[in-house]
Amino acid sequence: MNLDTDQPAVPTVGVLETAALLRELTAGLIAVTDFDEALGALVRITRDAVAGVSFCGFTALRAGQPAGA
């Protein structure tokens, strides 16, 4: 997030790009059978979809405690 300007840090993604990303996310999540693998795939695909991003993460609650990927 870029707090220095009123403009978004990432250019707006169009409809076709969004559809392609959702297709890739769906295929990546269908291909795994383990929850941790699914979270890893979600994070990798999302990180790769945003230009200029090197790292990203996801936090889920497991048994009431935060668990990250």
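Student: What makes Ala38, Leu39, Gly40, Ala41, Val43 and Ile45 of H2 count as buried?

Tutor: In this predicted model, those six residues of H2 are classed as buried because each falls under 20% relative accessible area, whereas exposed means over 50% and partly exposed lies in between, with a 1.4 Å probe and protein chains only. The buried residues of H2 pack against helix H1 (15–30) and strand E1 (59–62), contact being heavy atoms within 4.5 Å.

Student: Which rules apply to the numbering and to the values?

Tutor: Residues are numbered from 1 along each chain as its sequence is written, and side-chain values use heavy atoms, with hydrogens and water left out. Because the model is predicted, local features need pLDDT of at least 70 and side-chain atom pairs count only at pLDDT 80 or more, while totals for chains, interfaces and linings use all residues.

Student: Why is H2 called a helix, and how does its reach stand against the expected span?

Tutor: Helices are DSSP runs of H or I with at least four residues, strands are runs of E with at least two, and both are numbered from the N terminus; H2 covers residues 35–49 and has 15 residues, so the run qualifies as a helix. From first C-alpha to last, H2 reaches 21 Å, close to the 21 Å expected, the expected span being 1.5 Å times one less than the number of residues.

Student: Why is the pair of aspartate 36 and arginine 62 called a salt bridge?

Tutor: The definition asks for a side-chain nitrogen of Lys or Arg within 4 Å of a carboxyl oxygen of Asp or Glu; the N to O distance for aspartate 36 and arginine 62 is 2.4 Å, and the pair therefore qualifies. This pair links distant parts of the chain, with aspartate 36 in helix H2 and arginine 62 in strand E1, 26 residues apart.

Student: What makes arginine 47 and aspartate 48 a salt bridge?

Tutor: Their closest N and O atoms are 3.0 Å apart, which means that the pair meets the salt-bridge cut-off. Arginine 47 is partly exposed at 27%, whereas aspartate 48 is exposed at 56%.
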